[in-house]
Amino acid sequence: MKQSRSAPDYILLLTTLTLLSIGVIMVYSASAAWAEYRFEDSFFFLKRQLFFAVVGVTLMIFIMRVEYWTWRTYAKLILLVCFFLLVLVLVPGVGLVRGGARSWLGVGAFSIQPSEFMKMGMAIFLARYLSENQKKIVSFKRGLVPNLALVMSAFALIMLQPDLGTGAVMVGTCVVMIFVSGARISHFVWLGVAGLAGFVGLIASAPYRIQRITSFLDPWSDPLGSGFQIIQSLYAIGPGGLMGLGFGDSRQKYFYLPEPQTDFIFAILSEELGFIGGCVILFLFGILLWRGVRAALAAPDLYGSLLAAGIVTMIAIQVMINIGVVSGLMPVTGITLPLLSYGGSSLTLMLVSIGILLNISRHAKW
């Protein structure tokens, strides 16, 4: 397939690099004290984040030049590899356990999180299947059920780690892709009821998830236990005020807020840069999502539209969940903030997915 190409969406590219640069700076500010205490090197997390940022940007630029329909050719293989990695990470002695979850493969600090790969792999496969079988999607048995069965199989493997947050992002992304491909709303109503019941069942099946819900409703009922993270996050955001305490002057990063460079980096950013700094980040994410939606609407074929929609949805869901958790509007789920939080797999895969989005923008019919 050959189609005319133009320059990539430079606004999308510039916004991505701006968020990434802010993220690298904030990772250093949020992690310096913790890194000095644990590793006697205040630049420990910064050096690793810079490494993955360079790798991710290099891959993003390379993939931006790879025609997006190439991924359709290898969609089945990509999905099979992602499933294999999800099974492999569950093997005792192979998968690495961190924070009570067996979610990583690798050695030491240099490891990958297979569930991150599955989010992108499932989006690539679904974009191909839905674009080639659009007429079937209106049928509950022939269209909707097979797709959801595949998605829920991947979700089940992710839950065995367990990693509810990543699984929820993947399922949410896939549901939106199926919906925009033409599935009937009535089917989603019944599935929504069933999904809500299943979600409640998952929460009830694990005591720590129940604790997260109760701490979300009233974090001060257990201020030193399940409510600790939310309370410390709010203590960071509140004193930040309008202008913030100043870059590097956060108080909560000094061993009050656990791992401030990962899931709760937005709280440190709000404390140091204030309400205005937080609004700037939200504005930049708004631009990124707008340009992504624009590329999806202007894509030259259905596959490109669905793939772009999946990438944009994945980013949007992660941003909403992360900031919702940090601000106390949602229970703690362990979701990183795209492009800002520390993390090799999440950062690299996010930049790779944006690289695909940039290539779609090169073929968009503006």
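Of the 25 residues of helix α12, 23 are buried, so the helix is largely enclosed by the rest of the structure. Buried here means under 20% relative accessible area, exposed means over 50%, and partly exposed lies in between, with a 1.4 Å probe and protein chains only. Helices are DSSP runs of H or I with at least four residues, numbered from the N terminus. The structure is a predicted model in which local features need pLDDT of at least 70 and side-chain atom pairs count only at pLDDT 80 or more, while totals for chains, interfaces and linings use all residues. Residues are numbered from 1 along each chain as its sequence is written, and side-chain values use heavy atoms, with hydrogens and water left out.

**Confidence**

pLDDT is the predictor's confidence in each residue, from 0 to 100. The protein chain averages 87, and 91% of the residues score at least 70.

Helix α12 covers residues 302-326 and reaches 36 Å from its first C-alpha to its last, close to the expected 36 Å. That expected span is 1.5 Å times one less than the number of residues. G328, with a positive phi near 80 degrees, follows the helix.

V325 belongs to α12 and is buried, at a relative accessible area of 5%. Contact means heavy atoms within 4.5 Å. Not counting residues up to four places away in sequence, V325 touches F264, M330, P331, V332 and T333. Its C-alpha is separated by 22 Å from that of M243, 82 residues apart along the chain.

A nonpolar core is a set of buried Ala, Val, Leu, Ile, Met, Phe, Trp, Tyr and Cys residues joined through side-chain atoms within 4.5 Å. The largest such core has 100 residues, of which M118, M122 and M170 touch the most other members. Helix α12 supplies the largest share of this core, 15 residues. Neighbours within four places in sequence aside, M118 is in contact with L79, C82, F83, L86, A154, I158 and M170.

Rings of Phe, Tyr and Trp (its six-membered ring) pair if their centres lie within 6.5 Å; planes under 30 degrees apart count as stacked, over 60 as edge-to-face and the rest as tilted. The count by this rule is 12 aromatic pairs. Two of the pairs are tabulated.

| Pair | Centre distance | Plane angle | Class |
|---|---|---|---|
| Y28 and F43 | 5.2 Å | 10 degrees | stacked |
| F45 and Y342 | 5.0 Å | 85 degrees | edge-to-face |

Y28 lies in helix α1 and F43 in the loop between α1 and α2 (44-64), so their pair ties together parts that are 15 residues apart in sequence. Y28 is partly exposed, with a relative accessible area of 26%, and F43 is also partly exposed, with 39%.

F45 lies in helix α2 and Y342 in the loop between α12 and α13 (344-363), so this pair ties together parts that are 297 residues apart in sequence. F45 counts as buried at 5% relative accessibility, as does Y342 at 15%. Ring pairs link F39, F44, F45 and Y342 into a cluster.

**Serines of this region**

S31 lies in helix α1 (residues 10-39) and is buried, with a relative accessible area of 0%. A polar atom of the S31 side chain lies 2.5 Å from the backbone oxygen of V27.

S42 is in the loop between α1 and α2. This residue is buried, at 17% relative accessible area. Leaving aside neighbours within four places in sequence, S42 is in contact with Y28, A32, A35 and E36.

**Backbone geometry in the loops**

E40, although not a glycine, has a positive phi of about 55 degrees. E40 is placed in the loop between α1 and α2 and is exposed, with a relative accessible area of 71%. E259, likewise a residue other than glycine, has a positive phi near 45 degrees. E259 lies in the loop between α10 (228-240) and α11 and counts as partly exposed at 30% relative accessibility.

The peptide bond from Q161 to P162 is cis, with omega near -5 degrees. P162 is found in the loop between α6 (140-159) and α7 (164-180).

Definitions and conventions. Helices (H or I, at least four residues) and strands (E, at least two) are DSSP runs, numbered from the N terminus. A polar contact is a pair of N or O atoms within 3.5 Å; within protein, one must be able to donate a hydrogen and the other to accept it, and residues adjacent in sequence count only if both atoms are side-chain atoms.
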